[in-house]
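Work through the two exercises below with the structure open beside you. Try each task before reading its solution.

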Amino acid sequence: MTPDHEVLVIGAGFSGIGTAIGLRRAGIEDFAVLDEQDGIGGGWHANQYPGVAVDITAFSYSFAFEPIPSLTRAFPPGAELKAYAEHCVRKYGLQSHLRLNARVVRAEYDESEHLWTVFLADGTSTTGRFVICATGWLTKPKAPDIEGLDSFKGEVVHTARWDPSLDLTGRSVGVIGTGASAVQIVPEIAPAVERLHVYQRTPIWVFPKPDFALPRAARRLFRAAPWTQRLVRLLTDTVTELSFVIAMIYHRQFPFLVQAGEALSRRHLRREVGGDPELMRKLTPSYKLGCKRPSFGAGYWRSFTRENVELVTERIERITETGIHTADGGEQLLDVLVLATGFHVLENLPPFPMHGPGNRELKEFWRTERFQTYEGSSVKGFPNLWFIVGPYSFTGGSWFGMIDYQVTHALRVISETRRRRATEASVRPEKHDESFHRTLRRQPNTVFLDESCRSANTYYLDERGDAPAVRPATRYEAAWRAGHFDLDDYRYDRAPHAHTHDDGHDHTRDHTRDHGSGGRRAETR
């Protein structure tokens, strides 16, 4: 059976775009990129709430090989990131590979034919020899589990499903949640609303946002000599690795880095709220920096010094038709309820059922045998499948750095499979387990296993106490391993009478010994 496509990429956010560019660069043209939305960009297409912006400098939040050509600010708004995604699709000729409004509902692996069948919500299906899952983390909004939410008669909107026509001017608004999206939206809407009530369960570490408009001279220089923008990126990448990734991953070795970060955040809080001791107490996290995602905030804490803004730390007891009741007996009448309550993250991996050989379901495997991967990319027992964003893939620094090394990993194996005229690549179980156990041995060094993290309400941790959302390694180590792991860590097989894609070379088909990567000899077996 000949598959419809050699490679199926699921997701058209930056992870999927980066994967598609990598495929074209590797000379693989027979691929399709599926996405459930009606446009590209992933979260930057879906998120349109007031104040939405990147919370890491755009010098690092971009492809190293393709600096943002129209960069206007160090931390540009969401619309510029959406435009950057469209620029990449145009420049690298990806339009014909896109299939939008194509929501995947399940995927099944055919053991005899060595291919995946992907089923779509419209009742159709498509097949691919290889699948690269690039669905991202922040794609499935999470509503709060609060009694009476459905009974509210006013307007309810999640930040990830914002209605651009919603006018908050002069209205009484309640914001539930104080994560990264709340840090951005609260200072944007506070001046316009009549009253703003922000309901906080867990405070967040916030840092001053070093944002600024790029001078025209700098923008002209970046356009004329893109290498200068890459040079700035090298600096911002290094700062991120030293100040955040090293602090989180090697917390046991360098505890002073977390302590220094907390001190910086506290100083920022004092400046923002004018030294109000009660407000500072409410806004100061009780967990260590790094236990959950921190953020850069321009004016977030300062918003709570406004007369029309109230920080509510009492537990929400229930939501009524007209507002919110808190556990202390308080009641607030509201016109609009904004849910800044984040996303399903670990439970969204993957966002649809994936059945491998023997009808084994991937979610069930992870939930019964722990989240685990080989080098953050593939999973034993699930051939021809790689993740851009999966358990232990992201190091906590540059998202685009992760895309780069994850694409490198997958394409090395796909290219090797093609070179051997094989149709199936599956990571060897013993190599998979070695990689996973190495990850587990490193976890006690991280901040995530600190006792204080248990109270942080963080998506970094799962119910077992593991931290599969972050890989305990630096980006540089992850990139090196992606480019140098032994290709014989995978087993390569060929389905009888299967169609393969010729790479332009003449190879003897089965049981032919030739040189593989890593200095060891390899064979199809």
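**Exercise 1: the largest cavity**

Task: Which helix gives the most residues to the lining of the largest cavity, and how is that lining made up?

Solution.

1. Helix H12 contributes four residues to the lining of the largest cavity, the most of any element. The model in which this is seen is predicted.
2. H12 spans 429-442, and helix H13, spanning 475-484, also supplies at least two lining residues.
3. The lining has 13 residues in total. Those nearest the centre of the cavity are Glu 375, Ser 435, Arg 438, Thr 439 and Arg 471.
4. Sorted by class, the lining holds six charged, four polar and three nonpolar residues.
5. The space inside this cavity comes to about 130 Å³. The structure has four cavities of 30 Å³ or more.

**Exercise 2: the second largest pocket**

Task: How much space lies in the second largest pocket, and which elements give two or more residues to its lining?

Solution.

1. The second largest pocket holds about 210 Å³ of space.
2. Its lining consists of 15 residues, and Gly 51, Ala 53, Glu 188, Lys 209 and Ala 298 are the closest to the centre.
3. Two or more lining residues come from each of helix H4 (180-189) and strand E12 (295-297).
4. H4 has the largest share of this lining, with four residues.
5. By class, the lining of the second largest pocket divides into eight nonpolar, four charged and three polar residues.

Note on methods: Residues numbered from 1 in each chain as written. Predicted model: local features only at pLDDT ≥ 70, side-chain atom pairs only at ≥ 80, totals over all residues. Heavy atoms only, no water. 1 Å grid on protein atoms, 1.4 Å probe; cavity = no way out; pocket = protein on both sides within 12 Å on 5 of 7 lines; lining within 4 Å. Points joined across faces, edges and corners; volume = space filled by probe spheres on them. Nonpolar A, V, L, I, M, F, W, Y, C, P; charged D, E, K, R; others polar.
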